[in-house]
Amino acid sequence: MCGIIGIVGRSPVNQTIYDGLTILQHRGQDAAGIITCEQGRLHQRKDNGLVKDVFHTRHMRQLAGNYGIGHVRYPTAGNSSAAEAQPFYVNAPYGIALGHNGNLTNAEELRKVVYAQDLRHLNTTSDSEVLLNVFAHEMQRCGKLVPTFDDVFDAISRVHRRIKGGYAVIGLVAGMGIFAFRDPFGIRPVCYGVRATEEGQEVIIASESVAVEALGFKLVRDLEPGEAIFVGEDGSIHTRQCADHPTYAPCIFEHVYLARPDSIIDGVSVYKARMRMGEKLAEKVKREWPDHDIDVIIPIPDTSRTAALEMAVALGVPYREGFIKNRYIGRTFIMPGQAQRKKSVRQKLNAIDLEFEGKNVLLVDDSIVRGTTSAEIIRMAREAGARKVYMASAAPPVRYAYVYGIDMPAPEELIAHGRSEEEVGQAIGADRLIYQDLDDLIDAVRQGNPSLTRFDCSCFTGEYVTGDVSEEYLASIAKARADGAKEPRQEGRSRDIVAVGLHNAD
């Protein structure tokens, strides 16, 4: 899970891209980067850290140009050094920059081919750098001094045939404009919008619609699965279907946790989908626990608030804010390392004792992944005086690895892997645990757009929509994603790529 953005404007876009990345910060808190283009010359700044810490005034002044792309990273495996920050850049052919959200399931195979056949050197372990070099190689095949947007689309079509997995890509070709494309299943989200100015049309491409609208653009639509868009320096928009057999199967976990509630993804309001998740959970409680003794419903902030409130209304039970969140602590789900996640729970949340004391409390969370956070929060609720502590999850049990760009850990580290729902409840210390049924989750999202007939639910079912995920691959990512395998962040100066035509704003 990362955030991508690209803008073609009529004036310098550095500040607008920066603002967009802050809006998309929830999608990645590990690193950030921006590349802009000014008269064919690229300017770059990227490093580890939050957007506000990576970009200072001296960097912004040097990010000149009327179009550019940006990225916020959240690592799925391996190290999280500054060298892995995106966007990546190659100076041949043409000068191409690229960043992506997702994961290539055949990255290791491609890595060998890129080196042995495409004769390209890779400097990092990132599959995004692999993707960039595959795209650059396909662009080189057009053999033109000045390529056209049709050449870009042809290259993307060939890229689709070579790469596998879930991905939303943002890219830039120096002297031409920006482009984006989405995997043939539409697993990872990307949309675009426009804004009229006196000088002409400006265009934005972003992971989520909230970035489009918050920056004053009008949302046009999501990219279709397999579709590509090219925006010229003049703001002209060109789109083409570049995949051979596109099929809509977007990631349902975007609606559960990843996306901001004020986004609309694939025609579905994330906020309304989460409301319906709460309603479905309430229906399950009425059906399976009609004589419940819940005194109060308390959300685990922030992503579960919407579902918890609707659940409380449907059950006729008081809704209360029982935890106060320290907003200067990052999202624990995307923190690298189990020890860091566990330590941060009590730093992030503080219980209001009077909302717990002597009460039977139902805590509502968006999902339960490792169980570390849930167990710690239940312990906090008991310490605050709760008589009984129940837990409800707006998502079904997470039992399988996720391979399309979310850092679901090795299955053995998932609390629900190999356990029944009752056993999970015991493991996290809950008096009762209520999981959302998968059919109810799908229905809650699909009601927003009935044309969506299929979703990627692999972390719940173990069924991978791309059809290419083997046991060997799952074993390899389990090893890479194990908390013990993750390298600590390398502090210090950004290790930006230095290349002809690329100016690093350090």
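Colleague: Why does Y18 count as buried in this predicted model?

Modeller: The relative accessibility of Y18 is 17%. Buried means under 20%, so Y18 counts as buried.

Colleague: What makes Y18 and F55 an edge-to-face aromatic pair?

Modeller: The structure holds 11 aromatic pairs. In the pair of Y18 and F55, the distance is 6.1 Å centre to centre, with 85° between the planes.

Colleague: Why is the pair of Y18 and F55 said to tie together parts of the chain?

Modeller: Y18 belongs to helix α1, whereas F55 is in the loop between α2 and α3, so the pair ties together parts that are 37 residues apart in sequence.

Colleague: Why is the pair of F253 and F460 called tilted?

Modeller: The planes of F253 and F460 are at 45° and the ring centres are 6.2 Å apart. Stacked requires under 30 degrees and edge-to-face over 60, so this pair is tilted.

Colleague: How do you know that F253 is buried?

Modeller: F253 has 1% relative accessibility, and the cut-off is under 20%, so F253 counts as buried.

Colleague: What makes the link between the side chains of S367 and D366 a polar contact?

Modeller: The distance is 2.8 Å, and the cut-off for such N or O atoms is within 3.5 Å.

How values were computed:
Residues numbered from 1 in each chain as written. Predicted model: local features only at pLDDT ≥ 70, side-chain atom pairs only at ≥ 80, totals over all residues. Heavy atoms only, no water. Polar contact = N/O pair within 3.5 Å; in protein donor to acceptor, adjacent residues only side chain to side chain. Phe/Tyr/Trp six-rings, centres within 6.5 Å; stacked < 30°, edge-to-face > 60°. Helix = DSSP H or I, 4+ residues; strand = E, 2+ residues; numbered from the N terminus. Buried < 20%, exposed > 50% of the residue type's maximum accessible area, 1.4 Å probe, protein only.
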